[in-house]
Amino acid sequence: MFRDGRTTVRVAVKGRLACTSFEMLHDAAIAGLGVARVPEIGAIEAITHGSLERLLQRFEPPEAPLHVLYPSNRHLAPKVRVFIDALKLAFAEPPWRVRPRKAARQE
């Protein structure tokens, strides 16, 4: 599923390699085995160095929620509250976002 602004597009994908490891998909893409959908945060270095290229740049994956679980029958320890607040701040905006490179001018 991809999102372009308010529009969501579902894409059926068929492939020979399927796995639950983002690292394996990342490595397979670098090895030239095809296209992979991996979290951008895990591909920053490869994108920066040019071993991977971001495709479909105008589309964004659907948001995935982050949950913090703790016992609700106890008072919340101050260090847990600080941790939760730090997570909220860290994940409010993705600082790892790789900006698309500008295309070279053709003359």
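What is the volume of the largest pocket? About 1,800 Å³. Keep in mind that this is a predicted model.

**Stop 1: the pocket**

Select R37, V38, P39, E40 and P61. Of the 45 residues lining the largest pocket, these five lie closest to its centre. Next, colour β1 (2–4), α1 and α2. These are the elements that each give two or more residues to the lining. Which element gives the largest share? That is α1, with five residues.

**Stop 2: H26 in α1**

Stay with helix α1, which covers residues 22–30. Pick H26, which sits in this helix. Is H26 buried or exposed? H26 counts as buried because its relative accessible area is 15%, under the 20% cut-off. Now show its neighbours. Leaving out residues up to four places away in sequence, H26 touches V38, G42, A43, A46 and L52. V38 links back to the first stop, as one of the residues closest to the pocket centre.

**Stop 3: the surface patch**

Switch to a surface view and select V68, Y70, L76 and F83. Together they form a nonpolar patch on the surface. How much accessible area do they have together? About 340 Å².

Zoom in on V68. Look for this residue in the loop that runs between α2 (40–49) and α3 (78–90). V68 has a relative accessible area of 32%, so it falls between the 20% and 50% limits and counts as partly exposed.

To finish, show H26 and V68 together: H26 is buried at 15%, while V68 is partly exposed at 32%.

Definitions and conventions
Residues are numbered from 1 along each chain as its sequence is written. This is a predicted model: local features need pLDDT of at least 70, side-chain atom pairs count only at pLDDT 80 or more; totals for chains, interfaces and linings use all residues. Side-chain values use heavy atoms; hydrogens and water are left out. Patches are made of residues with over 30% relative accessible area and no salt bridge: like charges are joined within 9 Å, nonpolar side chains (Val, Leu, Ile, Met, Phe, Trp, Tyr) within 5 Å. Accessible areas come from the Shrake-Rupley method with a 1.4 Å probe; for residues, only the protein chains shown count as cover. A salt bridge is a side-chain nitrogen of Lys or Arg within 4 Å of a carboxyl oxygen of Asp or Glu. Helices (H or I, at least four residues) and strands (E, at least two) are DSSP runs, numbered from the N terminus. Buried means under 20% relative accessible area, exposed over 50%, partly exposed in between (1.4 Å probe, protein chains only). Contact means heavy atoms within 4.5 Å. On a 1 Å grid over the protein atoms alone, a cavity is a set of points where a 1.4 Å probe fits but cannot get out, and a pocket is an open set with protein on both sides within 12 Å along at least five of seven lines; lining residues have an atom within 4 Å of a point. Grid points are joined across faces, edges and corners, and a volume is the space filled by probe spheres set on the points.
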